[in-house]
Amino acid sequence: MLNRFNHEPTTNREDEAAITEAAFREGYIQPRTDIKRNGMRVAVVGAGPAGLAAANALNLMGYQVTVFEKNEAAGGLLRYGIPNFKLNKAIIDRRLRLLEQEGIDFRYGATVHAGSPAGAPALSVAALSQQFDAVIIATGTPTARDLKVPGRELKGVHLALELLSQQNRVLAGMEFLPEASGKAERSKDERITAKGKDVLVIGGGDTGSDCIGTAHRQGCKSVTQIEIMPRPVEGPEDPQNPWPNWPRTLKTTSSHEEGCTRRWNINTLEFLGKDGQLTGVRVQEIDWQPAAAPAGRPVMVEKGEPFVIKAELCLLAMGFLKPEHPEYPENVFVCGDAANGASLVVRALASGIQTAQKVHSILSH
């Protein structure tokens, strides 16, 4: 009997996107003008998917919502982490205009500190909790997983989002200083570019794929992507990991198809350089031995001799650390990746809506 769960994905995403585009194009989506205000105010810290979803839901319920965002525009990783070739930022801007027309107040360049009342800055969670009936923290997972090996300080070694966010800002019209060749000192205003360089991406996920596509568009010489974990199986299903578990199968994106050498079971040992500038990365092939205990983790063992991958630019795309929060006042809520760690955009949206409902349930009684 044919396994009805073993098939290629359907086009639900494309169908939904086409319906939404038609609705905007034909004027079916218009700002709500019948919102009745209830006199209560809510602050949302962070304008990523979770924060925007929470703000939208509460605004439609009648709350006066103010969104505080540290960056110069809203969208979070949708704007600053996903390349334009995957997500046109006009899609975000269109929705933001709708939210603004419906009464949400956006305050950009506003960093909210997680300080305590004693000596806390004016713009702090504690201060907002006294000014607003409720505060929602939706700051995402701002801390990327770093790689503390010798040579990390070399010029040319960057976290993936340093490249991706800067590239999106460049495409939005921002200017950066040209590269200071041969200097180890860095400036956040200095241009990061893959032009004419051999690029190494460490990390085999979607962020790594985005780095590959961006490197190609900047005119790189070559791209190599390495991953410390084993190569996933090819095909629709792993016999050791059946549906409905998350599929651990090999994912090849359009960025990979543009040209990329991919290697698995590779551990990074050291960044090599000359005169403060990255020239290569010393790595070693490894194996994974089964865990000794049923609940234990597999053990990494060395395999073969270390070797060097030539690279003038190395991008670290190894995921994000789950945020840690201080103890907040009772009227402060945390949602999205800020609460649960890095996950999917749809989960962030769902968390934002659920948190808005929780806030409403408390404030309306």
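This briefing walks through the sheets, helices and cores of the structure above.

The model is predicted: local features need pLDDT of at least 70, side-chain atom pairs count only at pLDDT 80 or more, and totals for chains, interfaces and linings use all residues. Residues are numbered from 1 along each chain as its sequence is written, and side-chain values use heavy atoms, with hydrogens and water left out. Helices (H or I, at least four residues) and strands (E, at least two) are DSSP runs, numbered from the N terminus. Two strands pair if DSSP finds at least two bridges between them.

- β2 and β3 run parallel and are joined by four bridges. V67 has F106 in β3 as its bridge partner.
- β1 and β4 also run parallel, joined by four bridges. Here V44 has I136 in β4 as its bridge partner.
- Three bridges join β4 to the parallel strand β14 (residues 332-334). I137 stands opposite V334 in β14.
- β4 is covered on both faces: A134 and I136 on one side, and V135 and I137 on the other, are all buried. Buried means under 20% relative accessible area, exposed over 50%, and partly exposed in between (1.4 Å probe, protein chains only).
- Contact here means heavy atoms within 4.5 Å.

**Sheet with β5**

- Another open sheet of five strands has the order β5-β13-β6-β7-β8, with parallel pairing.
- β5 (157-159) and β8 (261-264) are the edge strands, each with a single partner strand, so one side of each is left without a neighbour in the sheet.
- Its neighbouring strands are turned by 20° against each other on average, direction ignored.
- β7 (residues 222-227) pairs with β8 in the parallel sense over four bridges. E227 stands opposite W264 in β8.
- Helix α6 (residues 160-171) packs on this sheet and touches β5 and β13 (313-316). The direction of α6 makes about 75° with that of β5.
- Helix α7 (residues 206-217) lies across β6 (198-202), β7 and β13, and runs at about 170° to β7.

- α4 (residues 89-101) has 13 residues and reaches 19 Å from its first C-alpha to its last, close to the 18 Å expected at 1.5 Å a residue. The expected span is 1.5 Å times one less than the number of residues.
- N88 caps the N-terminal end of α4, with a side-chain oxygen 2.9 Å from the backbone nitrogen of A90.
- G103 follows α4 and has a positive phi, near 110°.
- The buried residues of α4 include K89, I92 and R94. Their cover includes α1 (12-25), α2 (49-61), α3 (77-80), β3 (105-108) and α6.
- α6 has 12 residues, which should span 16 Å at 1.5 Å a residue; its end C-alpha atoms are 17 Å apart, which agrees.
- Among the buried residues of α6 are A160, L163 and L164. The buried residues of α6 pack against α3, α4, β5, α7 and β13.
- Just after α6, G173 takes a positive phi of about 110°.

**Nonpolar cores**

- A nonpolar core is a set of buried Ala, Val, Leu, Ile, Met, Phe, Trp, Tyr and Cys residues joined through side-chain atoms within 4.5 Å.
- The largest core has 28 residues; L58, V65, V67, F106 and I136 have the most contacts inside it.
- The elements giving two or more residues to this core are β1 (41-45), α2, β2 (64-69), α4, β4 (134-137) and α10 (345-363). The largest share, six residues, comes from α2.
- F106 touches L52, V67, A74, L96, L99 and E100, not counting residues up to four places away in sequence.
- A second, separate core of 19 residues includes L154, L200, I226 and F271.

Conventions:
Axes are lines fitted to C-alpha atoms, for helices over the stretch in contact, and angles run from 0 to 180 degrees between N-to-C directions. A polar contact is a pair of N or O atoms within 3.5 Å; within protein, one must be able to donate a hydrogen and the other to accept it, and residues adjacent in sequence count only if both atoms are side-chain atoms.
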